[in-house]
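Student: I have a structure to go through. Can we take the labels one at a time and check each against its cut-off?

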Amino acid sequence: MEEEEEEQVATEPPKIHRLDESVVNRIAAGEVIQRPVSAVKELVENSLDAHSSSINVVVKDGGLKLIQVSDDGHGIRYEDLPILCERHTTSKLSSFEDLQSIKSMGFRGEALASMTYVAHVTVTTITKGQLHGYRVSYKDGVMENEPKACAAVKGTQIMIENLFYNMSARRKNLQNSADDYSKIVDLLSRFAIHHTSVSFSCRKHGAGRADVSSVATLSRIDAIRSVYGVSVARSLMKVEALDNDPSSSVFQMDGFISNSEYVAKKITMVLFINDRLVDCTALKRALEIVYAATLPKASKPFIYMSIVLPPEHVDVNVHPTKREVSLLNQEVIIEKIQSVVESRLRSSNETQIFQEQTVEPPSSSQMISSKDSNRNPLASGSKSQKVPVNKMVRTDSSDPAGRLHSYLHAEPRGHLEKNTSLTAVRSSVRQRRNPKETADLSSIQELIAEIDSNCHSGMLDIVRHCTYIGMADDVFALLQHDTHLYLANVVSLSKELMYQQVLRRFAHFNAIQLSNPAPLKELIVLALKEGDTDPESTENDELNEKIAEMNTELLKQKADLVEEYFSIHIDKDGNLSRLPVILDQYTPDMDRVPEFVLCLGNDVDWEEEKKCFQVISAALGNFYAMHPPMLPNPSGDGLQFYQKRKLVRNNEGSLSCNTDFSGYT
């Protein structure tokens, strides 16, 4: 009887009970925040929704110990801080129907709430017009204390500390911090090449150099070059597709795909649909099939695509982390994109570009030493060495006469220096794939060698290991090195820094896109007006116009040169539209553009290569340098020595910028 009762109890269904709210929230948090990169993605998307122009990410131990995301967006209102991290609180929508036309990255109001259940969250924010910001900590969706007033910069900073501290199994599975950090770097790289109007940076906590560093630009290919490198950008070609037929599909696609010269072991596909970073397995597979059938070796491609559809044709609420979306007429869209890509690849595969390589003949000393070693094979050792099969050749492998390149005709070394038009050296510049390498031009190498030879090791050590104290006046900064204090001329230091940066980044600049192209003639006239003793006088207007026209025509003729080597873009109408980035995350004083343009027109010797590059580099260094006043309320006697230099009119009626290049060796 007892056994029958036990069997009856065992077959009864278990009782259903309601889970505690904290358990529910922790389970949901583990689904939304699967690993550190999930948290970074949610925070960066929130920053983009806040219309930020700069987003900086700092990570420690792959994100398990610290994730810090700072932006310069519109901030969070003080009144909203109490409910900021509660579940399903959002400013993105108010009704379910809003999902049909949602354009923001986030909309559920789950991300921040989920983070507070698996980590310690601290928010610092300030909105426009506030005199100070507020800092508040959250746990389990609620504030731990009242917001405290604090100093803050524009925007919001969110710190996630000790991620998954209460989920031991998840934390143990994520101990490989290097793997998680690489995923975060890859994520920021993808955002950087799509949101080109936003500057991104990502670095490890305590590191001096960022692993991702991009600046705002209007050129997509410049963004790809900055993030993924010159070799990738060189191998890309533009692709576009469009369909406005409501009966089949409505979409617009533009992007870049790699050609046959690109070689990689795995596919890189960056896909944005309505500005949302997503994955689409079907589209990825379709494009892989095209590459495998079209290109030799079936090399893995690099693909960037941005697809824009009507918001009502996209269902964004199909994945917990919003990693995937559902499209209306998805099969038709994929088929049309596949067809466009295949057509583009077949047309590009008809020709292939090979980089030429200059082979230098071996020196005479190497020839003599190798011949001597051949005559005395036992000089270096008493035992004879057995030659491996793969080293056996019909002639002596150690004899330069037996090598193929000894039969090639080599150009003399002085050939590049004799060609003043610089056209002969452009092919060698295009060969370089690593932007960190110095230029192959002998003139640039000589200028860099002069800098290195004149470097004072003691002063270099002071500048490299000093601690910044503050500004002593408008020109001099106070620095501490060991037990000594130094006054450093910031103007001179910044000029030298920018000049050296120009030489070391030669032909590998990112670019600043001007919002409105500036006519060169108007800029030069403006600079000439500033140089007159009486700016209101019209006595020299006719002469200034003539000088401006002459300089404009000269710079239009040299437009190809300055764009190729310095990323200074001058269009055929004589408008300046792009300037180079000399120092990342730093924008020069645009009021000095007229003076810089006049220096290009008047001071550059375009016939001699070395002087040409030196003067242009010095002019860029002077343009990008920090100029007084550098304090809000200028005061101090040092300022009088650094007033803006006047333009000097010579006997022939032309003007010179009187830019001091004496500091540039």
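Tutor: Start with Ile448, which lies in helix 14. Keep in mind that this is a predicted model.

Student: Why is Ile448 called buried?

Tutor: Its relative accessibility is 7%. Buried means under 20%. Ile448 therefore counts as buried. One more value for Ile448: its C-alpha atom is 7.6 Å from that of Arg504, and the two residues are 56 apart along the chain.

Student: What makes Glu446 and Lys610 a salt bridge?

Tutor: Their closest N and O atoms are 3.5 Å apart. The cut-off is within 4 Å, between a side-chain nitrogen of Lys or Arg and a carboxyl oxygen of Asp or Glu. The pair therefore qualifies.

Student: How do you know that this pair links distant parts of the chain?

Tutor: Glu446 is in helix 14 (residues 442–453), while Lys610 is in helix 21 (residues 609–624). They are 164 residues apart.

Student: Why are Glu446 and Lys610 called partly exposed?

Tutor: Glu446 has 33% relative accessibility, and Lys610 has 24%.

Student: What makes Asp222 and Arg225 a salt bridge?

Tutor: The closest N and O atoms are 2.5 Å apart. That is within 4 Å, so the term applies. Both residues lie in helix 7 (residues 220–228), 3 residues apart, about one turn of the helix.

Student: Is Asp222 buried or exposed, and why?

Tutor: Buried: its relative accessibility is 13%, and the label needs under 20%.

Student: Why does Arg225 get the label partly exposed?

Tutor: Its relative accessible area is 29%. That falls between 20% and 50%, so Arg225 is partly exposed.

Student: How do you know that Glu342 forms a salt bridge with Arg346?

Tutor: The closest N and O atoms are 3.2 Å apart. The limit is 4 Å, so the pair counts. Glu342 and Arg346 are 4 residues apart in helix 10 (residues 330–348), about one helical turn.

Student: Why is Arg346 not called exposed?

Tutor: Exposed means over 50%. Arg346 has 47%, so it counts as partly exposed. Glu342, at 30%, is also partly exposed.

Student: How many salt bridges does the structure hold?

Tutor: It holds 20. Arg35, Asp179 and Asp180 are linked in a network of them.

How values were computed
Residues are numbered from 1 along each chain as its sequence is written. This is a predicted model: local features need pLDDT of at least 70, side-chain atom pairs count only at pLDDT 80 or more; totals for chains, interfaces and linings use all residues. Side-chain values use heavy atoms; hydrogens and water are left out. Helices (H or I, at least four residues) and strands (E, at least two) are DSSP runs, numbered from the N terminus. Buried means under 20% relative accessible area, exposed over 50%, partly exposed in between (1.4 Å probe, protein chains only).
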